[in-house]
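I opened my notebook to follow some side chains and see who meets whom. Here is what I looked up, one entry at a time.

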Amino acid sequence: MFTVQKTYSLVTGILPNRTANQVLDHIISGDGAHALQWHGRGTLVYDGWRRAWMPALSPAKSVFQMVVPDDIVSGLVDEVIEVGKLHQQATGAIFSSHCENAYFGSDFHVWPSDSSNPNKAKSQNGNLSVIYCIVSRQLTEKIGRAAIDAGAHGPIVYYAEGRGLRDRLGWLRITKEREKEVLMVVCDDADAEGVFEAMDQAGELHLPGRGFMYRLNVQTGMFNLPSRMSTHHYKASMQQIIDTIDHLAGHTHWRDQSAFDVGAGRGTGKQLLKVSRPILTDQVAISTMVRRSQMTLLMDLLLDAGAPGLNLNYGRFVAKQSDNTVAGARVNDEYGLLRCVTNQPTAEKICSVLEQMTEHYRLTDLCVLINQVPTVATYVPGEKDYRSQKSTPPSAGTPVPSSA
């Protein structure tokens with residue numbers, strides 16, 4: 001039986017491995033507190049043209065996510081900032097995205113609300129966005145460099161598996177890779193459109209089979225992540241310098257790179273080679289957490305309910321109330337995180353099917369989160385099917401006359 005809540009948010013943290021464990025040990029102390037943790041890597045490129053061709057560096061990172069009541073999000077974010085020392089240069093990030101709906105199974109570790117103690121923590125910057133890009137491993141470095149060149153921090157990359165179309169191809173599934181990588185970029189809203197476009201163009205996501213990318217709004221949080229490896233050491237990071245200029249200027253228009261100087265005149269910059277690409281809007285992201293032993297069943301339910309495709313990754317579920325202990329020590333269970341992005345009617349159908357079938361299949365240790373997605377970049381099939389006609393697309397030249 002599902003319990004539906006509208007006052008929960010998904011809090012995501014990115015920290016070095018050692019710091020992440022310290023933060024989680026500090027947080028996972030109250031009843032219902034939990035986190036799903038997995039490993040990833042950062043992206044650092046060398047500064048300067050002499051070493052720009054060298055492979056990107058990949059410092060180890062930990063990514064963790066928590067489903068938290070809205071009334072304690074701000075306080076929790078402040079705790080992570082303080083314990084994780086995110087005020088120091090190149091340490092990590094913490095941010096939250098409000099969930100339109102949160103469905104909890106009867107056995108899921110629900111983080112209790114604390115409305116009796118109003119939160120009065122410091123307010124954090126809410127003008128942020130987070131970009132998720134799911135592509136094959138061959139495209140990861142190219143897209144990561146494009147994001148950095150557009151002004152973003154080095155993307156956080158972690159392994160994932162793609163499910164959906166490939167599983168329906170029969171023996172032809174050997175032609176489509178299952179292994180994927182997810183690039184995660186946190187950026188200011190003022191930079192989000194430019195970074196999103198740069199990653200889209202680098203990955204050529206408008207072509208079939210290239211990948212999928214979407215952006216979520218961030219309610220609160222901060223990020224302090226590096227992008228370039230340089231022999232020069234400065235007292236402030238580039239992000240701090242940019243934020244200072246924003247504050248002094250009172251606006252972000254000075255960041256505009258739509259034009260550049262050409263001799264004594266002025267010419268267009270990024271817009272010069274801009275290609276019209278289909279962008280989907282008003283989509284919905286569905287995120288589910290479930291025990292790994294029940295992952296296959298849940299995937300089948302989602303795909304049968306109309307999910308266009310899934311990406312999944314596994315992590316350890318850290319919670320105070322663990323069912324497994326060895327010699328008095330807590331043993332963490334392994335959970336999976338399933339995600340898909342689709343339109344609103346399909347999302348409602350998926351949630352309805354899950355609500356009906358979870359009790360039948362005893363899927364009680366389950367959490368389903370719904371987030372609004374303002375922008376999606378992926379391949380969008382054309383409305384006209386030229387294969388059924390004896391002609392070629394207009395872009396290919398003059399139609400071929402019928403031989404009949």
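**Entry 1: salt bridges**

I searched the whole structure, which is a predicted model, and found seven salt bridges. I picked some of them to look at one by one.

I began with arginine 41 and glutamate 181, whose side chains meet in a salt bridge at 3.1 Å, N to O. I then checked where the partners sit: arginine 41 is in strand β3 (residues 34–41) and glutamate 181 is in strand β10 (residues 179–188). The two are 140 residues apart, so this pair links distant parts of the chain.

Are these two partners buried or exposed? I noted that arginine 41 has a relative accessible area of 26%, so it is partly exposed. Glutamate 181 has 6%, and because buried means under 20%, I wrote it down as buried.

My next pair was arginine 210 and glutamate 204, which form a salt bridge with their closest N and O atoms 3.4 Å apart. Arginine 210 is partly exposed at 23% relative accessible area. Glutamate 204 counts as partly exposed too, at 30%.

**Entry 2: arginine 292 and its two partners**

I looked up arginine 292 and found its side chain in a salt bridge with that of glutamate 334, at 2.8 Å, N to O. Why does this pair tie together separate parts of the chain? Glutamate 334 lies in strand β20, while arginine 292 is in the loop between β16 (279–291) and α6 (295–304), so the bridge joins parts that are 42 residues apart in sequence.

Glutamate 334 comes out at 41% and counts as partly exposed, and arginine 292 is partly exposed at 38%.

Then I asked which ring the charged end of arginine 292 sits over. It is the ring of tyrosine 314, with the charged end 3.7 Å from the ring centre. I found another arginine placed over a ring: the charged end of arginine 339 sits over tyrosine 132, 5.2 Å from the centre of that ring.

**Entry 3: aromatic rings**

How many aromatic pairs does a search of the whole structure find? I got seven. I reminded myself that a pair of aromatic rings is described by the distance of the centres and the angle of the planes.

For phenylalanine 317 and tyrosine 335, I noted ring centres 4.3 Å apart and planes at 20°. Planes under 30 degrees apart count as stacked, so I recorded this pair as stacked. Phenylalanine 317 belongs to strand β17 (residues 310–319) and tyrosine 335 to strand β20 (residues 333–342), and the pair links distant parts of the chain, 18 residues apart. Both phenylalanine 317 and tyrosine 335 are buried.

**Entry 4: asparagine 101**

My last stop was asparagine 101, in strand β7 (residues 101–104). Its relative accessibility is 11%, so asparagine 101 counts as buried.

What does the side chain of asparagine 101 make a polar contact with? I found the side chain of lysine 6, at 2.6 Å. Setting aside neighbours within four places in sequence, I listed the contacts of asparagine 101 as Val4, Gln5, Lys6, Val368, Leu369 and Ile370.

Conventions. Residues numbered from 1 in each chain as written. Predicted model: local features only at pLDDT ≥ 70, side-chain atom pairs only at ≥ 80, totals over all residues. Heavy atoms only, no water. Phe/Tyr/Trp six-rings, centres within 6.5 Å; stacked < 30°, edge-to-face > 60°. Helix = DSSP H or I, 4+ residues; strand = E, 2+ residues; numbered from the N terminus. Buried < 20%, exposed > 50% of the residue type's maximum accessible area, 1.4 Å probe, protein only. Lys NZ or Arg CZ within 6 Å of the ring centre and 35° of its normal. Polar contact = N/O pair within 3.5 Å; in protein donor to acceptor, adjacent residues only side chain to side chain. Contact = heavy atoms within 4.5 Å. Salt bridge = Lys/Arg side-chain N within 4 Å of Asp/Glu carboxyl O.
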